[in-house]
Amino acid sequence: MIVLINPWSTPSPKRPLPMSLLAIASLLEGEFDYEIVDGNLSPDPVAVVEAIAAAKALTAIGITVMPGPQLVHSVHVSRELKRRFPGVPIVWGGYFPSQHAEVCLRDSAVDFCVRGQGEQTFLLLMRALVGGGTPSEIEGLSFKSEGTIRQTAARPLAALDPLPDWPYHRV
């Protein structure tokens with residue numbers, strides 16, 4: 001089970017859709033079992049992940065991260081989940097880790113950062129985690145290896161039209 005988390009980001013009563021997670025989920029659909037946890041709707045995303053983990057083994061936890069309030073919540077949620085599930089990889093993606101992957105990876109709770117347009121990178125990382133592949137061969141990825149932060153080549157931008165429709169039924 002892959003859990004995709006949209007940490008709390010706004011006090012507005014108008015809850016934004018977790019579009020970045022829907023983009024990632026569109027490529028997972030039909031290949032991987034996943035759940036989207038929206039911190040703008042759920043006051044305790046960690047408890048939601050614990051409930052999911054009680055029913056199914058976790059493969060990875062993906063978290064979308066923007067600067068500002070969402071970053072603060074991302075750090076807290078990641079650290080708490082790493083404490084509770086130390087063997088489950090935590091993957092950050094989005095604007096902040098795309099620009100500041102090294103800073104993000106200095107935190108012991110973050111295992112991977114997807115940089116840039118992340119749909120294909122995240123999908124390939126999930127395939128590597130499940131099938132025993134090598135992260136160093138995946139473009140657009142930063143990660144820790146033997147105490148060193150490694151960064152692969154940037155992934156070229158993909159055309160958006162061929163990407164699958166977003167799974168709105170998941171939110």
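With a relative accessibility of 30%, Trp166 counts as partly exposed. In this predicted model, Trp166 is placed in the segment after S7. Together with Leu17, Met19, Tyr168 and Val171, Trp166 forms a nonpolar patch on the surface. The accessible area of these residues together is about 480 Å².

## Salt bridges between separate parts of the chain

The structure holds 9 salt bridges. One of them joins the side chains of Arg127 and Glu31, with an N to O distance of 2.8 Å. Arg127 belongs to helix H6 (residues 119-131), while Glu31 sits in the loop between helix H1 (19-28) and strand S2 (34-38), so this pair ties together parts that lie 96 residues apart in sequence. Arg127 is partly exposed, at 37% relative accessibility. Glu31 is likewise classed as partly exposed, at 39%.

A salt bridge also links the side chains of Arg79 and Asp107, at 2.5 Å from N to O. Arg79 is partly exposed, with 49% relative accessibility, but Asp107 is buried, at 15%.

Arg155 and Glu139 meet through their side chains in a salt bridge of 3.7 Å, N to O. Arg155 lies in the segment after strand S7 (148-151) and Glu139 in the loop between H6 and strand S6 (141-145), so parts 16 residues apart in sequence are tied together by the pair. Both partners fall into the partly exposed class: Arg155 has a relative accessibility of 22%, and Glu139 has 32%.

Elsewhere, salt bridges link several residues in a network, whose members are Glu50, Glu80, Arg83 and Arg84.

## The surroundings of Asp38

Asp38 is located in strand S2 and is buried, its relative accessible area being 10%. The side chain of Asp38 reaches the backbone nitrogen of Asn40 at a distance of 2.9 Å. When residues up to four places away in sequence are not counted, Asp38 touches Asn6, Pro16 and Pro18.

Arg15 and Asp38 are 23 residues apart along the chain, and their C-alpha atoms are separated by 9.6 Å. Arg15 occupies the loop between S1 and H1 and is partly exposed, at 39% relative accessibility. Not counting residues up to four places away in sequence, Arg15 touches Thr10, Asn40 and Leu41.

## Asn6 and its contacts

Asn6 is a residue of strand S1 (residues 2-6). The relative accessibility of Asn6 is 7%, and the residue counts as buried. A polar contact of 2.9 Å connects the side chain of Asn6 with that of Gln70.

Beyond its neighbours within four places in sequence, Asn6 is in contact with Pro18, Leu21, Val37, Asp38, Gly39, Asn40, Thr64 and Gln70.

A disulfide is a covalent bond between the sulfur atoms of two cysteines. A search of the whole structure finds 0 disulfides. Cys104 takes part in no disulfide, and the nearest cysteine sulfur, which belongs to Cys113, is 4.5 Å away. Viewed from Cys113, the closest cysteine sulfur is that of Cys104, and the separation of 4.5 Å is too far for a bond, because a disulfide is counted when the sulfur atoms lie within 2.5 Å.

Cys104 is buried, with a relative accessible area of 4%. Cys113 is buried as well, with a relative accessible area of 0%.

Technical notes:
Residues numbered from 1 in each chain as written. Predicted model: local features only at pLDDT ≥ 70, side-chain atom pairs only at ≥ 80, totals over all residues. Heavy atoms only, no water. Salt bridge = Lys/Arg side-chain N within 4 Å of Asp/Glu carboxyl O. Helix = DSSP H or I, 4+ residues; strand = E, 2+ residues; numbered from the N terminus. Buried < 20%, exposed > 50% of the residue type's maximum accessible area, 1.4 Å probe, protein only. Polar contact = N/O pair within 3.5 Å; in protein donor to acceptor, adjacent residues only side chain to side chain. Contact = heavy atoms within 4.5 Å. Patch = residues over 30% accessible without salt bridge, like charges linked within 9 Å, V, L, I, M, F, W, Y side chains within 5 Å. Areas by Shrake-Rupley, 256 points an atom, 1.4 Å probe, with all protein chains shown as cover.
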